[in-house]
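These notebook entries record what I looked up in the structure, one topic at a time.

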Amino acid sequence: MKIFKFLIIVFLLSQISSIAKQVQIEFDFAMFKFDENNVKVEVYYSFPDTMLNYIIKDDKYLGELYISVKVSNELGIVDKKEWIVTNSINQPLLEYKTNLLGQKNFILPYDQYKTEILVFDINDSTTRAEKTIDLITKNYSGKKFQISDLQLAQHIEKESSATNQWNPMFLKNTLYVIPNPSLEYFGTEPVFNIYFEVYNALENSEDGYIVTYNFFNAINKEIVSVPRKKKSVSNAQVEYLTFPIELFPTGVYYVQVTAKYPAESPVDSVSYVKKFYLVNPSKP
């Protein structure tokens, strides 16, 4: 099956001026079935708080980043969203504290699109970047066995037992799925999180299916395989994995997710691959 790869924008360089500042923002995309005629495209973004230029306003230091995402096809603009990400702090920001993270959703008919992204600092006109991405939406209509895109996450937690007050924008199918647009995992005890959806399992395999997560290093050597036997309970099911990777050395990795059906004697499968990065100080 052909895999459509979507560009991840890391460290966008401004095309406006040769003296413009570097815009350190990451974007990632994932597509999920919305209905028989439309797909939901989720756009994830994050950037360090130190990227913003802060001004004093009402006794606070305020930084603001404008983001615009415009989606067009051959007939014109289909959808456009623009918003401002604000960070307000009490003291001057002297060092990195956190990443500012968010998500926007687009409901699009199955088609080919051009996605134009514009980013600029409201308080600093030299911090500006533009990027255009060709987008081909996956067609989830019909009754064949399919899986969605793979979304890498910083954290996945059930809504009913959530220990943090997560932003509602990250809630889907009773789970808080906190996106990881940089596709990077850090720390001495890193945990890998991935989310995707399975469509038409009950239609095609009443006896269930098998999901296997295969991890490969940069030279395509398999590190570990995690198989899971699943029951078919509906035609739209949620799958996710939370897996410790503290034994993995620092490096570049790939996770391949394969869904085989039926479970007892598989005759067909669907598979997708996602790249990610690991920085573990205890495992150079």
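**Entry 1. Phe47 and the cores.** Leaving aside neighbours within four places in sequence, I found Phe47 in contact with Gln24, Ile25, Leu52, Leu65, Val85, Thr98, Asn99 and Leu100. I then looked up the largest nonpolar core, which has 40 residues. Phe27, Phe47 and Ile67 touch the most other members of this core. I noted that S2 gives the most to this core, with six residues. Apart from this core lies another, of 29 residues, and I recorded Ile194, Tyr209, Val257 and Ala259 among them. As general background, nonpolar side chains in soluble globular proteins tend to be buried together.

**Entry 2. The sheet of three strands.** I asked in which order the strands of the open sheet of three lie. The order is S1-S2-S6, and the pairing is antiparallel. The edge strands are S1 (26-33) and S6 (99-109), each of which pairs on one side only. From one strand to the next, the twist averages 20°. I looked at the pairing of S1 with S2 and recorded eight bridges between these antiparallel strands. Phe27 has Tyr45 in S2 as its bridge partner.

**Entry 3. Pro48.** I placed Pro48 in strand S2. Is Pro48 buried or exposed? Pro48 has a relative accessible area of 14%, and it counts as buried because the limit is under 20%. Leaving aside neighbours within four places in sequence, Pro48 is in contact with Gln24, Tyr96, Thr98 and Asn99. I also checked Pro48 against Asp134: the two are 86 residues apart along the chain, and their C-alpha atoms are separated by 26 Å.

**Entry 4. Thr50.** I located Thr50 in the loop between strand S2 (38-48) and strand S3 (55-57). Thr50 has 40% relative accessibility and therefore counts as partly exposed. Not counting residues up to four places away in sequence, I found that Thr50 touches Leu93, Glu95 and Tyr96. Gly251 is 201 residues from Thr50 in sequence, and the C-alpha to C-alpha distance between them is 25 Å.

Entry 5. How many bridges join S4 to S5? I recorded 13 bridges between strand S4 (residues 60-73) and strand S5 (residues 76-89), which run antiparallel. S4 and S5 form a hairpin, with two residues between them. I placed Tyr61 in strand S4 and noted that it stands opposite Ile89 in S5. At 23% relative accessibility, Tyr61 counts as partly exposed. Not counting residues up to four places away in sequence, Tyr61 touches Tyr54, Ile55, Ile56, Asn87, Ser88, Ile89, Asn90, Gln91 and Pro92. Tyr61 and Ala153 are 92 residues apart in sequence and 30 Å apart in space, C-alpha to C-alpha.

**Entry 6. The sheet of five strands.** I next looked up an open sheet of five strands, in the order S13-S19-S18-S15-S16, with mixed pairing. Its edge strands, S13 (184-186) and S16 (222-230), each pair on one side only. The twist averages 25° from one strand to the next. Within this sheet I examined S15 (residues 209-217) and S18 (residues 251-261), which run antiparallel and are joined by eight bridges. Val211 stands opposite Ala259 in S18.

**Entry 7. Lys274.** I found Lys274 in strand S19 (residues 268-279). Why does Lys274 count as buried? The reason is that its relative accessibility is 12%, where buried means under 20%. Which side chain does that of Lys274 join in a polar contact? The partner is Asp28, at 3.2 Å. Leaving aside neighbours within four places in sequence, Lys274 is in contact with Asp28, Phe29, Leu150, Leu152, Leu183, Tyr253, Tyr254 and Val255.

**Entry 8. Confidence.** The protein chain averages a pLDDT of 91, and 93% of the residues score at least 70. Over residues 1-19, pLDDT stays under 50. The model has 46 contacts beyond four places in sequence for residues 1-19. Where pLDDT is low, predicted coordinates should not be read in detail.

Technical notes: Residues are numbered from 1 along each chain as its sequence is written. This is a predicted model: local features need pLDDT of at least 70, side-chain atom pairs count only at pLDDT 80 or more; totals for chains, interfaces and linings use all residues. Side-chain values use heavy atoms; hydrogens and water are left out. Helices (H or I, at least four residues) and strands (E, at least two) are DSSP runs, numbered from the N terminus. Buried means under 20% relative accessible area, exposed over 50%, partly exposed in between (1.4 Å probe, protein chains only). Contact means heavy atoms within 4.5 Å. pLDDT is the predictor's confidence in each residue, from 0 to 100. Two strands pair if DSSP finds at least two bridges between them. A polar contact is a pair of N or O atoms within 3.5 Å; within protein, one must be able to donate a hydrogen and the other to accept it, and residues adjacent in sequence count only if both atoms are side-chain atoms. Axes are lines fitted to C-alpha atoms, for helices over the stretch in contact, and angles run from 0 to 180 degrees between N-to-C directions. A nonpolar core is a set of buried Ala, Val, Leu, Ile, Met, Phe, Trp, Tyr and Cys residues joined through side-chain atoms within 4.5 Å.
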